[in-house]
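User: I'd like to learn how to read helix packing and nonpolar cores in a model. Could you walk me through it?

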Amino acid sequence: MIVVSARDLTKAYGTDVILDKVSFHINQGDRVGIIGINGAGKTTLLRMLTGELSHEEGDCFISSDLRIGYLKQDAGFDSDKTILEEAQAVFSHFPQMEEEMNQLLQEASDDPEHSEGALRRYDQIRERYDRMGGYSYQSELRGILTSMAFDESMYDKKIRTLSGGEKTRLALAVLLLEKPDILFLDEPTNHLDIGTLKWLEQYLRGYRGTIVLVSHDRYFLNETVTRIFEVENHRLNIYEGNYAFYAAERKVRRETELRTYEKQQKEIARQEEMIRRFKQRGTEKLAKRAASRERQLEHMQRLERPGGEHGKMSLHFHQEFQSGKDVLLAEDVTKSFGYGHERRELFRNVRLDLKRGERVCIVGDNGTGKTTLLRIFLGEIEPGGGRIRIGHNVQFGYYDQGQQLLNDDLTVIEELQDAYHLYTDGELRNILGRFLFRGEQVFLPVGSLSGGEKARLSLLKLMLSGANVLVLDEPTNHLDIESKEVFEEALLDFPGTCIIVSHDRYFLNKIPTRICELSRDGLTEYLGKYDYYVEKKQEQNTREHMKELAAGAGQAAGSGKAAGSEKGVSTAAGPAGQPQPLDGELSPAEQRRLKKEQEAAERRTRRAREAAEADIARLEEEIGQIEKELARPEVMTDAGRLQSLSEELQQRHEALDETYEKWLELQEEV
């Protein structure tokens, strides 16, 4: 069933066309990712779909009986409510129902002769309360708040005191609690750490409604969407797959489009040359032919050069001189904030031995102190303990995620003039043009720039610095996908050293020579990229789980032995006088048995999950076939057939919901 559709949708600001005759449809249950360069019109399209922004031409339709939820990039929360009050407001109907049920029970108790009506009404409300999730909403509320990094200690914080990132996370949490039929999400991954991103991906994969999201997070897109809408040159290109499918298809499509464009350009050049020669000959017959060919050229639909309108950022990092082999050595570094009872330890025992040419990426949960650690390395913050040794000829270049090093009061070109006096204005304008600051844009105040434009300006300053050690704090946060790809290639070509804090998992699968995870107890090293890091973390979690199982089994065995001793049964030796394990230990045979049991349980869960996934695919295919059948003209006029197919469709949807529930439960099992 189509829930959103657009036909010839056009949006312009004066003569500046943003979107031109965009057409598409979105079916119920679709997961659509909208991508494109910064400024292409992604957020504009989202705002038009939600009705927040008007359009000049075309039509836009959303089913009127569907509830819509919209997460903006800037949550805009400014309230005196607490975090908990804002979340509980979603479920305000439940306390009212609870109060009504209590009153009915009290009426039945006070007036037993007329209690039957009150109890009947009570049962009706209780059944509706149960069906709507009244008995589970408190745990659901706390679960989603916890998943969005709001623990119970933060519940009483006023919303107006939260940071921008915290407000965005709260807005997303509230939206997920509301469960609208269509989720419109604008950059939902901003301000989320890797753990929260993984949780959100799993949640959205199981979401029953329709999802339309704008994102530059390639890994997130790969995991959550099934269709890609690419906004480019005011038009919309649709790809029926996830990001990996889009990337492969885009490459093929652009190569085909480029060949077609180049072929047309050759044909135009050939025709123009023939026209020139015909005219040059000066005969009446050839002049007529020249005029005929000119008319053909005028009516030819000329193709635009693929990707040629906006261009790409040109980035190349260089080092003015090489550092020594030993770049940085951190030994037992600790850091705390506050005093007395308010003292909070961020981390301790941080050790890092960084060599020239390495690209070390630091990951960790929000609040672990990753940015603080970078600033300690740079010498901007003193550590609470331990020591930092900087190697010979080390020159740092720093990219801060908040772009606080930029002066909002200067223009773009003044920002560069202030830092690099030896360049002429003409040279600076040429350099800025390579970073997509063209024409009058170089005279814009830095404070008026978007997040992506500030990110490009910061990268430009970093490129000009000639530093041999790049210290980068979330450098891909505000970059569009094309700029990320250019940036990644520049880092891979850089001969110097990099220390990078990032939660961009696609980036983490390309750039690092090793990953270091920061926790309160220091840095844990993983000698590989993101997928390797995830694999090792899973192995570590499995080992810890095995230890817990073994400890539990050991305690149970110890309890049994104690009970046996009380009954006068000897526990010093087993059959044939074989020595038994000490209390809390397991024999090798018992360990093997437990391992086999766990492996068997995992296999059962995996098979059940695969079966559920197969059922989901089958049901979705059947639903698609029924919907196609319903759209046939002869079916639309056959009331009996229409009724039969509608009932079949309803049954399939119900079966699909049940299968998704089963699949979600299996996802949570070991």
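Analyst: Happy to! Let's begin with handedness: a crossing is left-handed if the near helix is turned anticlockwise from the far one by less than a right angle, and right-handed if clockwise. Keep in mind that this is a predicted model. Here, helix H12 passes helix H13 in a right-handed crossing.

User: At roughly what angle do the axes of H12 and H13 cross?

Analyst: The axes of H12 (residues 412-419) and H13 (residues 425-434) cross at roughly 120 degrees and come within 10 Å. That makes H12 oblique to H13, because angles of 65 to 115 degrees count as roughly perpendicular and those over 145 as roughly antiparallel.

User: Which residues in H12 and H13 meet?

Analyst: On the H12 side they are Val412, Ile413, Leu416 and Gln417, and these meet Asp425, Leu428, Arg429 and Leu432 in H13. Sorted by class, the contact of H12 with H13 has five nonpolar residues, one polar and two charged.

User: What about H5 and H6: how do their axes cross?

Analyst: The axes of helix H5 (residues 137-147) and H6 come within 9 Å, with a crossing of roughly 150 degrees. H5 passes H6 in a right-handed crossing. Glu140, Leu141, Ile144 and Leu145 of H5 make the contact with Leu170, Ala173, Leu176 and Leu177 of H6. By class, the contact of H5 with H6 has seven nonpolar residues, no polar ones and one charged.

User: Now the cores. Which residues touch the most other members of the largest nonpolar core?

Analyst: A nonpolar core joins buried residues through side-chain atoms within 4.5 Å. In the largest one, with 53 residues, Leu145, Leu170, Leu172, Leu176, Leu183, Leu185 and Leu204 touch the most other members. Helix H6 (residues 164-178) gives the largest share of this core, eight residues.

User: What does Leu204 touch, not counting residues up to four places away in sequence?

Analyst: Leu204 touches Arg31, Leu176, Leu183, Leu185, Ile211, Phe220 and Thr224, with that exclusion applied. There is also a second, separate core of 47 residues, which includes Tyr219, Leu315, Tyr420 and Val446.

User: Last one: why is Thr260 called partly exposed?

Analyst: Partly exposed lies between the cut-offs of under 20% for buried and over 50% for exposed. Thr260 is partly exposed because its relative accessible area is 39%. Thr260 sits in helix H9 (residues 243-281). In sequence, Thr260 and Pro306 are 46 residues apart, while in space they are 9.8 Å apart, C-alpha to C-alpha.

Notes. Residues numbered from 1 in each chain as written. Predicted model: local features only at pLDDT ≥ 70, side-chain atom pairs only at ≥ 80, totals over all residues. Heavy atoms only, no water. Axes fitted to C-alpha atoms, helices over the stretch in contact; angles between N-to-C directions. Helix = DSSP H or I, 4+ residues; strand = E, 2+ residues; numbered from the N terminus. Parallel < 35°, antiparallel > 145°, perpendicular 65-115°, else oblique. Contact = heavy atoms within 4.5 Å. Nonpolar A, V, L, I, M, F, W, Y, C, P; charged D, E, K, R; others polar. Buried < 20%, exposed > 50% of the residue type's maximum accessible area, 1.4 Å probe, protein only.
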